[in-house]
Amino acid sequence: MKQQKADRRSQRTYRLVNSAFAELLVEKPYEEILVQDILDRADIGRTTFYAHYFDKEDVLNSIVEQELEMLTRQIAHSTARQRVVPSLELFEHVYHSHNQQFLALMRSRAGEPLWEALQTALCQAIEPALSTLCAERRSPPIPLPVVSQYLAGTFLTLLKWWVAADMPYPPEQMENIFQQLALPGVWAMLKEK
């Protein structure tokens, strides 16, 4: 994204464009959205758009950054409470978001940068939490970066399925499912001598 300006008119333009783009994501696939569609929906001129963004991918990146910032706060909050994987908090965040644009982003191929960034953020939170659990042991039989990638990937695969299936189960049940499927092997590995 171009250097974000702080004045009220620029902030209004960012809000209008991001909102218009997110609304369009609910209506049609990312590949079919044109800059002209964004301009029409936001009711702004082409010059104004290009003064703030390079292209529609830049708008997408802006939205992904905003969503990732919110999700990263959720992760940080739960890891502060000594949770290895903040699964319940993330299931609840998605379930209670009531934000159709956010859900459309998560369901579309345009959301892949969000999923990739979330994978990285989760791994960065999981590995230190695992390291704390292993502090009294010499070293676990499986390297902690491998375990953190496994847990983050497993969780995100389950979350992605849940969102695509229109969240057929409540967050608490999904948390329980994740705990039963993914964590017994990790706990067994950590207890090995």
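Visitor: What is the mean pLDDT of the chain, and how many of its residues reach 70 or more?
Guide: The mean pLDDT is 87, and 93% of the residues reach 70 or more. The model is predicted.

Visitor: Where in the chain is confidence lowest, and where is it highest?
Guide: Helix 6 has the lowest confidence, with a mean of 81. Helix 2 has the highest, at 97.

Visitor: Why is Asp 43 called exposed?
Guide: Its relative accessible area is 68%. Exposed means over 50%, so Asp 43 counts as exposed.

Visitor: Where is Asp 43 found?
Guide: Asp 43 is in the loop that joins helix 2 (35-42) to helix 3 (46-52). Helix 2 is followed by this residue.

Visitor: What makes the phi of Asp 43 worth a remark?
Guide: Most residues other than glycine have a negative phi. Asp 43 is not a glycine, yet its phi is positive, about 55°.

Visitor: Is Met 167 buried or exposed, and how do you know?
Guide: The relative accessibility of Met 167 is 15%. Buried means under 20%, so Met 167 counts as buried.

Visitor: Which residues of helix 2 are buried?
Guide: Val 35, Asp 37, Ile 38, Leu 39 and Ala 42 are buried in helix 2.

Visitor: What does UniProt list for residues 34-53?
Guide: An unreviewed UniProt entry lists residues 34-53 as "DNA-binding region". Such annotations may be inferred rather than shown by experiment. In the model, the span is 75% helix and 0% strand, and its end C-alpha atoms lie 14 Å apart.

Visitor: Which residues touch the most other members of the largest nonpolar core?
Guide: Leu 151 and Leu 159 do, in a core of 63 residues. Helix 1 (8-27), helix 2, helix 4 (56-80), helix 5 (87-96), helix 6 (100-107), helix 7 (112-133), helix 8 and helix 9 each supply at least two residues of this core.

Visitor: Why is this core said to lie between domain 1 and domain 2?
Guide: Domain 1 (1-53) and domain 2 (56-191) both give residues to the core, so it lies between them.

Visitor: What does Leu 151 touch, not counting residues up to four places away in sequence?
Guide: With those left out, Leu 151 touches Val 84, Val 85, Ile 126, Leu 130, Phe 178, Ala 182, Leu 183 and Val 186. Contact here means heavy atoms within 4.5 Å.

Terms used. Residues numbered from 1 in each chain as written. Predicted model: local features only at pLDDT ≥ 70, side-chain atom pairs only at ≥ 80, totals over all residues. Heavy atoms only, no water. Helix = DSSP H or I, 4+ residues; strand = E, 2+ residues; numbered from the N terminus. Buried < 20%, exposed > 50% of the residue type's maximum accessible area, 1.4 Å probe, protein only. Core = buried A, V, L, I, M, F, W, Y, C linked by side-chain atoms within 4.5 Å. Domains from an automatic or database assignment. pLDDT = per-residue confidence, 0-100.
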